[in-house]
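Look at the structure first, then read on.

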Amino acid sequence: MTGKSSPRSIVVLSAHSGDFVWRAGGAIAHAAETGAEVRVICLSFGERGESQGLWADPDMTLETVKIARRKEASEAADILGAHIEFLDLGDYPLNVTSSAFDEIVDHLRRAEPDLLLTHVANDPYNRDHNLAHETLLRARMVAQAQGHKTDAPPIGAPQILMFEPHQPEMCGFVPNLLLDITGVFDRKQRAMQCMSAQQHLVDYYTDLAQRRGVQAVRNGGARSIRYAEAHQRVFPVVSEELI
Ligand SMILES: [Zn+2]
């Protein structure tokens, strides 16, 4: 894939059911608007570790939290224009079983993605996020293998974008893509509003998008950019052009 082509099929691997909204909602909406098929796989609901708002109710149960989180994330995905599925593998800690891993590989084969999105490799605060990263890289490797036989053929070499973690400097996150999400930011905001269990993050990620937007202009983007999302590529971009 060159740096200037538009992806047609994207798979997003989200450790918990809110992560894709906060960190990649703009990228998802942007891709969906340009006609890409976007599929989000949530490894867990974040039911134990990332549902603070719901646990404020003393009568809350794990099953009720999962139901609420499924509903919120499904609504958010709908607004962003993505398909979504949930593997319900548990959180804090996340446990990717071998059958779930095989399911993810099959998913990649069927989707034939030209772009993948997930977490950074090393977040010292959230090892579930690291496991999602490692799982996607391993699943990509297996899905590429000629000797791994399924009904679908091996995939190519899709780029992986790591979306921005909550404390980027602690995770060694160095963005090399500032994506203009000004045109879809209203959709990201509506998707964020769906996540009632984590409403404390809405202002934070709105401010972050504004700061990244200022930096996008500073880096040569159009002056009309007001909101941006930071991502970091895992692999080099292949291009026929010098710039
Ligand atoms: Zn998370």
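Helix α3 (residues 62-80) packs with helix α6 (residues 185-194) at an angle of about 170 degrees, and their axes are 8 Å apart. Helices here are DSSP runs of H or I with at least four residues, strands are runs of E with at least two, and both are numbered from the N terminus. Axes are lines fitted to C-alpha atoms, for helices over the stretch in contact, and angles run from 0 to 180 degrees between N-to-C directions. α3 and α6 are therefore roughly antiparallel (under 35 degrees counts as roughly parallel, over 145 as roughly antiparallel, 65 to 115 as roughly perpendicular, the rest as oblique).

This is a predicted model: local features need pLDDT of at least 70, side-chain atom pairs count only at pLDDT 80 or more, and totals for chains, interfaces and linings use all residues. Residues are numbered from 1 along each chain as its sequence is written.

Which residues of α3 and α6 meet? Glu72, Glu75, Ala76, Ile79 and Leu80 in α3 meet Arg187, Arg190, Ala191 and Cys194 in α6. Contact means C-beta atoms, placed from the backbone, within 7 Å. This contact has five nonpolar residues, no polar ones and four charged ones. Ala, Val, Leu, Ile, Met, Phe, Trp, Tyr, Cys and Pro count as nonpolar; Asp, Glu, Lys and Arg as charged; the others, Gly among them, as polar.

The table sets out both pairs.

| Helix pair | Angle | Axis distance |
|---|---|---|
| α3 and α6 | about 170 degrees | 8 Å |

In α4, Phe101, Ile104, Val105, Leu108 and Arg109 take part; they meet Thr135, Ala139, Arg140, Val142 and Ala143 in α5. Seven residues of this contact are nonpolar, one is polar and two are charged.

Now the sheet. Seven strands form an open, mixed sheet in the order β3-β2-β1-β4-β5-β7-β6. Strands pair if DSSP finds at least two bridges between them. β3 (83-86) and β6 (177-180) are at the edges with a single partner strand each, so one side of each has no neighbour in the sheet. The twist averages 25 degrees from one strand to the next.

β1 (residues 9-14) and β4 (residues 115-118) pair in the parallel sense over three bridges. Val12 stands opposite Leu117 in β4.

α3 touches β2 (37-42) and β3, and its direction makes about 160 degrees with that of β3. Helix α7 (residues 202-218) lies across β6 and β7 (228-233), at about 75 degrees to β7.

Conventions: Two residues are in contact if their C-beta atoms, placed from the backbone, lie within 7 Å.
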